[in-house]
Amino acid sequence: MDSKILGERLRQIRLMLGMTQKELAVATHLTQPVMSRLENGEEVYASVLLSVLYYYQGKINLDRLFSPDFVASKEQLVYASREEMLQKLIRQLDLIADTISEANETSLAQISRLKKEVL
């Protein structure tokens, strides 16, 4: 992705979150001039981009950032992130259910084996 496009998208996200460059700089332990360079598509260290992406990870769905149909709206970005979180939760609940089911089957098999040994 072109650094100018990425920088503009990062700017849109920051504005959507109601933050100034200075506030984002403080939150990411960077400086405001570095934020400006990033958002203007100028060359910055990869660690700068990673710091900003790390900060944004809990606030937006980062997959959306690199999507061709990117739109910086709270509804789309936050909803996508919430939707992704719910899908992960459902997968975890399914794993727990499978584990409980397997444990129950194992327990029932052990009980049957013990009953046979007792008789």
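The model is predicted, so local features need pLDDT of at least 70 and side-chain atom pairs count only at pLDDT 80 or more, while totals for chains, interfaces and linings use all residues. Residues are numbered from 1 along each chain as its sequence is written, and side-chain values use heavy atoms, with hydrogens and water left out.

The protein contains six helices and zero strands, where helices (H or I, at least four residues) and strands (E, at least two) are DSSP runs numbered from the N terminus. Read from the N terminus, the order of elements is α-α-α-α-α-α. The C-alpha trace spans about 80 × 25 × 25 Å along the principal axes. The radius of gyration, taken over C-alpha atoms, is 24 Å, whereas a compact globule of 119 residues would have a value near 14 Å; the globule rule is 2.2 Å times the number of residues to the power 0.38.

Of the 119 residues, 26% count as buried. Here buried means under 20% relative accessible area, exposed means over 50%, and partly exposed lies in between (1.4 Å probe, protein chains only). The protein exposes about 8300 Å², of which carbon and sulfur atoms supply 59%; accessible areas come from the Shrake-Rupley method with a 1.4 Å probe, and for residues only the protein chains shown count as cover. Among contacts (heavy atoms within 4.5 Å) with a separation of 6 or more, residues 24 or more positions apart account for 51%. There are 15 positive and 16 negative charges, and their mean positions are 4 Å apart. In this count Lys and Arg are positive and Asp and Glu negative, with His and the chain ends not counted; the place of a charge is NZ of Lys, CZ of Arg, CG of Asp or CD of Glu.

Helix α4, residues 46-56, has Val 48, Val 52, Leu 53 and Tyr 56 as its buried residues. Seen down the axis of α4, these buried residues fall within an arc of 130°, so they line one face of the helix; the arc is that of the directions from the helix axis to the C-beta atoms. The face turned away from the buried side of α4 carries the exposed residues Ala 46, Leu 50 and Tyr 54. Cover for the buried residues of α4 includes α1 (3-16), α2 (21-28), α3 (32-39) and α5 (62-65).

Helix α3 has its own buried residues, namely Met 35, Leu 38 and Glu 39. They cover an arc of only 90° around the axis, which puts them on the same side of α3. The buried residues of α3 pack against α1, α2 and α4. Just after α3, Gly 41 takes a positive phi of about 75°.

Helix α1 includes Arg 14, which counts as buried at 6% relative accessibility. Leaving aside residues up to four places away in sequence, Arg 14 touches Met 19, Thr 20, Gln 21, Leu 24, Glu 39 and Tyr 56. Of these, Glu 39 is among the buried residues of α3, and Tyr 56 is among those of α4. Met 16 is also placed in α1 and counts as buried, at 13% relative accessibility.

The loop between α1 and α2 holds Gly 18, which counts as exposed at 57% relative accessibility. Gly 18 and Gln 32 are 14 residues apart along the chain, and their C-alpha atoms are separated by 16 Å. In helix α2 lies Lys 22, which is exposed at 54% relative accessibility. The loop between α2 and α3 contains His 29, which is exposed with a relative accessible area of 73%. His 29 has a positive phi of about 60° although it is not a glycine.

Several C-alpha distances relate sequence separation to spatial separation. Ser 67, in the loop between α5 and α6 (74-118), counts as buried at 12% relative accessibility. Ser 67 and Met 1 are 66 residues apart in sequence and 9.9 Å apart in space. Lys 22 and Ser 112, by contrast, are 90 residues apart in sequence and 67 Å apart in space. The C-alpha atoms of Met 16 and Ile 111, 95 residues apart along the chain, are separated by 59 Å.
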